[in-house]
Amino acid sequence: MVSTPRLVIAAPASNSGKTTVATGLMAAFTARGLAVSPHKVGPDYIDPGYHSLATGRPGRNLDAYMCGPELVAPLFAHGAAGCDLAVVEGVMGLYDGASGQGELASTAQVAKLLKAPVVLVVDASSQSRSVAALVHGFASWDPQVRIGGVILNKVASDRHEALLRDALDESGLPVLGVIRRAPQVATPSRHLGLVPVAERQGDAVDAVRAMGERVLAGCDLDALMALARTAPALADEPWEPAYASAEGPRPVVAVAGGAAFTFAYAEHAELLTAAGAEVVVFDPLRDEKLPAGTAGLVIGGGFPEMYAPELSANEPLRRAVTELALSGAPVAAECAGLLYLARELDGKPMCGVLDAEARMSERLTLGYRQAVAVSDSPLAAAGTRMRGHEFHRTVLEPGAGPVPAWGMHQPGRRVEGYVQRGVHASYLHTHWAASPGVARRFVEPCRVR
């Protein structure tokens, strides 16, 4: 049984202040000495970085599309084990999910799967009495979603606060916090959302501290903790990455990190380790060599387009990556990794493993995908079906190699990515917890190198 107190922080729409409130709550409760487990609904990699900074624990995603609804509670239980409180930041509006698929992957669905009370963050900047109608509508839309209270954001004055509280008195939902309108906490954005923590260092620490201070000043932490404790126990067994590994030496799997490659799910490294690998993180912006004994390479997502000159200038590492790939070693590259393996990115030489060129684009490619492996690769046998997510403003030409990685169930797009030698490179982000055999399949050929 999992009895961790928990809250889901949701909103009527995007840009209502969910990230500020959720991250601020994590920081404020952590400052009280609690062990806080941070979670994010959906596939986003960036917000969990701020959550991790606030709590000192890995930020973890809960994605009912990529992992399936049946894994949401087990993954939550795995991350929240031993914690005093779990805070789950929602995605988009409370009831918004995968396009055209009802509640799938919505914050509401995750809240129901976790049996967690919801705190609704409302941007009150342009309303007074109407806030009661808005809150009533969200609270009554789905009786299985339990909204336990409201945090009013961007409140202008004492008078404005009084009007909002009077209106909400009739709703029966308590006001658990009021955050005044103020200059936005310094969390700069660019073409794919917030700038990741790894790129901001000290500024990110200051931003998280400011979020915590704003929440502490405006929210009733005792009432929020009391609400979190009303969540009933979950009967789900925690997800477990460990399984029997082959005896013998542990092959080194190098995982790209640093400011250019910040997109990674914590469970991937856990699965690789459980499969028998020694996971070693390296920074392609700084390190001129791959980790000693590298037998396999994982290059996840991130922002190589922001660092193309620096990545290009690191010729020794580019050569090392190319040599490893040409040797037939297992290489898994997602999105940013795909660009890094290309011949060029915005005119700057990259590794040249793939005969393709990448460039920035004005068009955002975003959405969930259903995919089937076109051919055997280090990640999947031909015919394997997986779900994933795309999120990029770059274009790769050609978009698929002679042996593509995936066939996509998407109008106008039949195949995508590259499989050659031991390389699997694609724009598609996947969550390996949904298919733990991926990690085992990747590590096995590393053992014999």
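1. In this predicted model, V118 has I147 of strand β6 as its bridge partner. The two strands concerned are β5, residues 118-123, and β6, residues 147-155; six bridges join them, and they run parallel.

2. The strands β5 and β6 belong to an open sheet of seven strands, ordered β3-β2-β4-β1-β5-β6-β7, in which the pairing is parallel. At the edges are β3 (60-62) and β7 (175-180), each of which pairs on one side only. With direction ignored, neighbouring strands of this sheet are turned by 25 degrees against each other on average. As background, strands of a sheet pair through backbone hydrogen bonds, either parallel or antiparallel.

3. Which helix packs on the sheet and touches β1, β2, β3, β4 and β5? That is helix α4, residues 107-114. Its partners include β1 (6-10), β2 (36-41) and β4 (85-89), and the direction of α4 makes about 170 degrees with that of β1.

4. Helix α1 (residues 18-31) packs with helix α8 (residues 221-228), their axes 12 Å apart and at an angle of about 100 degrees. Angles of 65 to 115 degrees count as roughly perpendicular, and α1 and α8 are therefore described in that way. On the α1 side the contact is made by L25, A28 and F29; on the α8 side, by L221, L224 and M225. Sorted by type, the residues of this contact are six nonpolar, no polar and no charged.

5. H51 lies in helix α2, residues 46-55. Is H51 buried or exposed? Its relative accessibility is 0%, so H51 counts as buried. Apart from neighbours within four places in sequence, H51 is in contact with T23, M26, P38, H39, K40 and E89.

6. A further open sheet has six strands in the order β11-β10-β12-β13-β21-β20, and its pairing is mixed. The strands at the edges are β11 (278-282) and β20 (418-420); each has a single partner strand, so one side of each is left without a neighbour in the sheet. From one strand to the next the twist averages 15 degrees.

7. Within this sheet, β10 (residues 252-256) and β11 run parallel and are joined by five bridges. A256 has F282 in β11 as its bridge partner.

8. Helix α11, residues 315-326, lies across β11, β12 (294-299), β13 (331-334) and β21 (423-426), and runs at about 110 degrees to β12. Helix α13, residues 437-447, packs on the sheet and touches β10, β12 and β13; its direction makes about 150 degrees with that of β12.

9. V423 has its place in strand β21. At 1% relative accessibility, V423 counts as buried. Leaving aside neighbours within four places in sequence, V423 is in contact with A325, V331, L341, V353, L354, P378 and Y418.

10. The structure holds seven aromatic pairs. One of them is stacked: Y95 and F138, at 5.9 Å centre to centre and with 25 degrees between the planes. This pair links distant parts of the chain, 43 residues apart, with Y95 in the loop between β4 and α4 and F138 in helix α5 (residues 130-141). Buried means under 20% relative accessible area, and F138, with 17%, is therefore buried.

11. F263 and F303 form an edge-to-face aromatic pair, 5.4 Å centre to centre with 80 degrees between the planes.

Conventions. Residues are numbered from 1 along each chain as its sequence is written. This is a predicted model: local features need pLDDT of at least 70, side-chain atom pairs count only at pLDDT 80 or more; totals for chains, interfaces and linings use all residues. Side-chain values use heavy atoms; hydrogens and water are left out. Two strands pair if DSSP finds at least two bridges between them. Helices (H or I, at least four residues) and strands (E, at least two) are DSSP runs, numbered from the N terminus. Axes are lines fitted to C-alpha atoms, for helices over the stretch in contact, and angles run from 0 to 180 degrees between N-to-C directions. Contact means heavy atoms within 4.5 Å. Angles under 35 degrees count as roughly parallel, over 145 as roughly antiparallel, 65 to 115 as roughly perpendicular and the rest as oblique. Ala, Val, Leu, Ile, Met, Phe, Trp, Tyr, Cys and Pro count as nonpolar, Asp, Glu, Lys and Arg as charged, and the others, Gly among them, as polar. Rings of Phe, Tyr and Trp (its six-membered ring) pair if their centres lie within 6.5 Å; planes under 30 degrees apart count as stacked, over 60 as edge-to-face and the rest as tilted. Buried means under 20% relative accessible area, exposed over 50%, partly exposed in between (1.4 Å probe, protein chains only).
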